[in-house]
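This report describes a single chain from its atoms, taking one residue or element at a time. The sequence and the structure are shown here.

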Amino acid sequence: MPIERDAFYSMLGIARRAGVLTLGSDGVHAAIAAKEAGMVLLDSGASKATQDKYRGVCENANTPLELLPEGLL
């Protein structure tokens, strides 16, 4: 069942207020490298090169990578 856009944004807001959300390429890479990332969410509209880069980094760090529907993020 696809997640509703409003519910998704509500969950992101809760994570942000809890201080467990990292945004931006540099922050995400640092969190993955420090083994602090529980999951990486990536827009499926990202370029193939970007998807491949995150897929490789996440696989090396054993961090789940989820591709979200294009435009959801």
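Gln-51 lies in helix H3; helices here are DSSP runs of H or I with at least four residues, strands are runs of E with at least two, and both are numbered from the N terminus. Gln-51 is buried, with a relative accessible area of 13%. Buried means under 20% relative accessible area, exposed means over 50%, and partly exposed lies in between, with a 1.4 Å probe and protein chains only. Setting aside residues up to four places away in sequence, Gln-51 touches Leu-42, Asp-43, Ser-44, Ala-46, Leu-65 and Leu-67, where contact means heavy atoms within 4.5 Å.

The model is predicted, so local features need pLDDT of at least 70 and side-chain atom pairs count only at pLDDT 80 or more, while totals for chains, interfaces and linings use all residues. Residues are numbered from 1 along each chain as its sequence is written, and side-chain values use heavy atoms, with hydrogens and water left out.

**Nonpolar core**

The largest nonpolar core has seven residues: Val-28, Ile-32, Val-40, Leu-42, Tyr-54, Cys-58 and Ala-61. Such a core is a set of buried Ala, Val, Leu, Ile, Met, Phe, Trp, Tyr and Cys residues joined through side-chain atoms within 4.5 Å. Helix H2 (25-33), strand E1 (40-43) and helix H3 (48-61) are the elements that give two or more residues to this core. H3 gives the most, with three residues. One of the core residues is Ile-32. Beyond residues up to four places away in sequence, Ile-32 touches Ala-37, Val-40, Val-57, Cys-58, Ala-61 and Thr-63.

**Packing of H2 on H3**

The axes of H2 and H3 come within 10 Å and cross at roughly 20°; axes are lines fitted to C-alpha atoms, for helices over the stretch in contact, and angles run from 0 to 180 degrees between N-to-C directions. That makes H2 roughly parallel to H3, since angles under 35 degrees count as roughly parallel, over 145 as roughly antiparallel, 65 to 115 as roughly perpendicular and the rest as oblique. From H2, Ser-25, Val-28, His-29 and Ile-32 meet Lys-53, Tyr-54, Val-57, Cys-58 and Ala-61 of H3. By class, this contact of H2 with H3 has six nonpolar, two polar and one charged residues. Ala, Val, Leu, Ile, Met, Phe, Trp, Tyr, Cys and Pro count as nonpolar, Asp, Glu, Lys and Arg as charged, and the others, Gly among them, as polar.

His-29 is found in helix H2 and is partly exposed, with a relative accessible area of 23%. Leaving aside neighbours within four places in sequence, His-29 is in contact with Lys-53, Tyr-54 and Val-57. The C-alpha atoms of His-29 and Ala-7 are separated by 26 Å, and these residues are 22 apart along the chain.

Side chains of opposite charge can pair when their charged atoms come close. The structure holds two salt bridges, a salt bridge being a side-chain nitrogen of Lys or Arg within 4 Å of a carboxyl oxygen of Asp or Glu.

| Salt bridge | N to O distance |
|---|---|
| Lys-48 with Asp-52 | 3.1 Å |
| Arg-55 with Asp-52 | 3.2 Å |

Lys-48 and Asp-52 both lie in helix H3, four residues apart, about one turn of the helix. Arg-55 and Asp-52 are separated by about one helical turn, because they are three residues apart in helix H3. Lys-48 counts as exposed at 62% relative accessibility, and Asp-52 counts as partly exposed at 36%. Arg-55 is partly exposed, with a relative accessible area of 30%.

**Loop residues with positive phi**

Lys-35 has a phi near 60°, a positive value in a residue other than glycine. Its place is in the loop between H2 and E1, and Lys-35 is exposed, with a relative accessible area of 58%. Asn-62 likewise has a phi near 60°, positive in a residue other than glycine. Asn-62 sits in the loop between H3 and strand E2 (65-68) and is exposed, at 71% relative accessible area.

**Helix H1**

Arg-17 is in helix H1 (residues 5-18) and is exposed, with a relative accessible area of 68%. Arg-17 and Leu-72 are 55 residues apart in sequence and 20 Å apart in space, C-alpha to C-alpha.
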